[in-house]
Amino acid sequence: MPAAQDRPGGTETSQAVPFWRNPRNRAVVFQAVTLLLVFSAGYYIFVNTQANLQRQSISTGFGFLNREAGFGIGEALIRYSAADSYARALLIGLLNTVKVASIGILFTLLLGVVIGVSRLSRNWLLSRLAAAYIEVVQNIPVLLQLFFWYAIFHDVLPSPRESIQPLPGVFFNNRGFYFPMPAGHAAYAWAAAALCVAVVSNGLLRRWARRRQERTGQLFPFWPVAVILQIGLPLLAWYLAGAPTAMNVPELKGFNFLGGFSLSPEFSALLIGLVLYTSAFVAEIVRAGIQAIPRGQSEAAMSLGLKSNLVLSLIILPQAMRVIIPPLTSQMLNLTKNSSLAVAIGYPDLVSVANTTINQTGQAIEGVLIIMVVYLMLSLITSAYMNWYNKKKALVER
Amino acid sequence: MTARIASPDVEDLKPPVRSTGILGWLRANLFNTPLNSILTLFILFCLYKTIPSMVQWAFVDSLWLSDAEACREADGACWSVVSQNLRFILFGFYPYDLQWRPALAIAMLIGLFFYSRNTRRWNRRLLYLWAAGLLVMGILMHGGGPGLPEVETDQWGGISLTLLLSLFGLTAAYPLGVLLALGRRSELPAIKAVCVVYIELIRGVPLISMLFMASVMFPLFLPEGITINKILRAQAAIILFTAAYIAEVVRGGLQAIPRGQYEAAESLGLDYPKTMRLIILPQALKIVIPPTVSILISAFKDTSLVVIIGLFDLLKTTQVTLSNPAWIRFSAEAYLFIAALYFLGCFSMSNFSRYLEKELKT
């Protein structure tokens with residue numbers, strides 16, 4: 001700890017300490033040398049890169065973003081054609097990354113919690129199975145798992161003409177999964193609006209219930225009411241707007257299915273691979289979090305006369321969350337970063353689109369820079385949110 | 001007393017529930033509540049539905065040493081895809097009649113790992129042994145001396161490339177990571193800033209963006225005429241990436257050392273390098289051995305990502321095998337085989353880490 005040495009050093013300067021023995025001078029010299037090294041390395045790279053780019057006559061800058069991309073993208077959340085610009089192609093890629101990451105995080109949390117709790121189950125068979133799952137999945141590279149699932153889709157599922165039809169209107173084949181979807185109608189917009197209203201009113205209800213409990217001590221049955229609101233309001237809106245039941249069913253036209261809702265094999269393989277892999281790590285985190293709460297806590301709560309569901313929601317979970325949240329954040333980030341492996345199985349995520357762009361334009365520096373900056377931003381946003389949440393839930397000590 | 005013994009309540013008490021033997025174990029672990037009983041029966045039913053057909057596919061109806069023609073006729077697994085292509089999957093394009101050299105190098109590596117398992121053998125001699133072993137392995141792989149024809153690194157592949165990338169990746173990343181961790185804990189603002197920026201930057205981006213950087217940007221960074229081999233570039237990216245993660249693990253260890261240790265070192269008159277080298281780091285690094293092993297495991301798994309920039313590691317050689325039209329349908333079997341190889345490596349490492357945790361009482 002140099003600063004700790006600073007103090008004696010600072011007072012002894014009068015006793016003619018040699019320049020090198022003075023920690024304060026040494027600190028300045030060390031830092032200057034470090035900075036000099038870092039900057040000169042940066043300058044060396046910059047000069048070389050400039051010379052190389054000039055020699056290979058590669059233009060620099062982000063001007064290429066406005067040029068026509070000229071390649072198609074298999075799946076896009078918003079309208080896209082090969083005539084659109086590189087910027088729009090990259091945006092499609094980013095949206096695809098966000099899509100697979102957000103759906104993946106949701107399923108990972110669900111599966112991870114289920115497996116983590118199963119691991120602690122008193123049922124020997126269940127806990128052994130969960131342990132085996134965790135060990136196997138954690139110890140195999142995620143890229144290999146993605147290849148495996150992708151191969152399964154291609155080798156095991158039949159061609160569109162021989163699709164598996166487990167339910168009427170639902171088709172599985174090696175081009176993807178096809179589901180019927182409700183045909184477009186204004187009622188669905190109303191139902192979506194009602195869903196938002198339900199979410200907001202549940203938040204308000206929760207605050208009111210907590211205030212009332214603090215004031216009067218009376219418990220409000222929040223969860224049953226919230227669930228009824230969450231399901232009931234959209235249903236009511238749908239019913240009042242005319243209760244449409246027409247469905248858009250996928251149909252075999254030529255070589256492929258049209259209509260309905262479909263999932264590509266690339267998206268499915270990526271989602272399944274990422275969710276299965278990450279949920280094993282989440283399960284271990286959940287288990288560690290629950291085990292970190294001493295048994296005495298739940299015994300004390302029960303001796304106060306709390307019911308077991310209240311013990312869980314008021315005593316155990318809030319404390320376990322403190323242990324769980326920081327590592328959980330990094331697992332969410334890992335899932336997002338691992339979604340970049342999509343490039344290996346042909347799902348058009350950001351990295352895949354950027355890779356195509358680099359190959360077509362030769363703008364390697366800009367392409368890699370875009371990838372890095374976007375992932376950095378995603379990481380920073382996620383960890384900022386989780387840090388805020390973590391701080392809100394953290395233990396307040398003296 | 002007698003009155004109490006004679007009381008009807010006591011007479012009616014049942015004998016305690018058997019808690020020993022097979023029946024007792026079953027009752028305690030599988031059928032202790034109605035819900036658990038239902039769960040147990042449901043799981044048993046699922047296992048009954050899946051396990052026998054899996055065994056049928058993998059072992060009973062399977063072919064092990066046939067050609068691709070016979071596989072297409074069979075119902076079960078075609079392990080022949082592995083056995084017929086084993087040498088390519090394991091060694092890639094390494095010259096066929098020289099493949100005993102990587103095989104010997106891998107055997108030496110495994111031998112060294114087994115020898116170093118015992119913590120009592122952890123001393124300076126072991127360090128020299130490892131250094132000598134790595135040198136011999138390098139000579140075996142590369143050749144060039146008398147009697148050993150040279151094999152260019154472009155021809156290295158398969159499991160030896162996977163092991164090489166992860167082993168050298170970790171040995172080089174470790175000291176760099178320790179330096180970064182010390183830098184991050186330093187009170188010199190400039191050094192601290194450089195380290196924090198480096199660690200956070202690297203940890204915020206996916207490894208494959210680093211690998212892309214290595215494969216497409218590194219050549220631009222160097223002066224004209226100097227080219228670095230593709231494997232070396234990927235190795236550099238892996239080292240830079242792993243170092244950031246090691247730095248965070250070591251930082252955890254440094255934070256766990258009580259202030260008193262620093263103060264004690266200071267009162268002995270030790271300067272900063274001596275304090276770190278003799279007092280702080282030995283304790284901090286010992287604390288973080290288990291998480292370091294997890295980093296080793298993930299570095300080992302992550303080397304598979306070099307597939308994306310076209311290096312012929314274990315995963316890529318498998319894919320090349322599967323791109324042969326004869327074997328194209330048997331990808332599940334081939335992937336299961338290398339999954340088993342990876343599992344074996346990672347599982348033994350994580351078991352070792354658990355054993356160390358107990359042994360060193362951290």
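This is a predicted model: local features need pLDDT of at least 70, side-chain atom pairs count only at pLDDT 80 or more; totals for chains, interfaces and linings use all residues.
Residues are numbered from 1 along each chain as its sequence is written, chains are lettered from A and ligands numbered from 1 in the order in which they are written, and side-chain values use heavy atoms, with hydrogens and water left out.

Q: Is A:Q363 buried or exposed?
A: A:Q363 lies in the loop between α12 (350-361) and α13 (364-393) of chain A; helices here are DSSP runs of H or I with at least four residues, strands are runs of E with at least two, and both are numbered from the N terminus. Buried means under 20% relative accessible area, exposed over 50%, and partly exposed in between, with a 1.4 Å probe and protein chains only. Because its relative accessibility is 4%, A:Q363 counts as buried.

Q: Which residues is A:Q363 in contact with, leaving aside its neighbours within four places in sequence?
A: Contact means heavy atoms within 4.5 Å. With those neighbours left aside, the partners of A:Q363 are A:S59, A:T60, A:G61, A:F64 and A:I358.

Q: Which residues does A:L195 touch, not counting residues up to four places away in sequence?
A: A:L195 belongs to helix α6 (residues 186-216) of chain A, and at 40% relative accessibility it counts as partly exposed. With residues up to four places away not counted, A:L195 touches A:Q230 and A:P234.

Q: How are the rings of A:F222 and A:W223 arranged: stacked, tilted or edge-to-face?
A: Rings of Phe, Tyr and Trp (its six-membered ring) pair if their centres lie within 6.5 Å; planes under 30 degrees apart count as stacked, over 60 as edge-to-face and the rest as tilted. The whole structure has 24 aromatic pairs over all chains. The rings of A:F222 and A:W223 have centres 5.1 Å apart and planes at 75°, so this pair is edge-to-face.

Q: Is A:W223 buried or exposed?
A: A:F222 is buried, with a relative accessible area of 12%. A:W223 has 57% relative accessibility and therefore counts as exposed.

Q: Which residue forms an edge-to-face aromatic pair with B:F113?
A: B:F113 is in helix α8 (residues 100-115) of chain B, and its partner, 17 residues apart, is in helix α9 (residues 124-142). With 5.3 Å centre to centre and 70° between the planes, the residue paired with B:F113 is B:W130.

Q: The charged end of which residue sits over the ring of B:Y245?
A: A charge sits over a ring if NZ of Lys or CZ of Arg is within 6 Å of the ring centre and within 35 degrees of the ring normal. In chain A, A:K99 lies over the face of A:F267, at 4.6 Å from the ring centre. At 5.7 Å from the centre of the B:Y245 ring is the charged end of B:R203.

Q: What is the torsion about the S-S bond of B:C71 and B:C78?
A: A disulfide is a pair of cysteine sulfur atoms within 2.5 Å, and the structure holds one over all chains. This disulfide joins B:C71 to B:C78, with S to S 1.9 Å, and both cysteines are buried. The disulfide is right-handed because the torsion about its S-S bond is about 80°.
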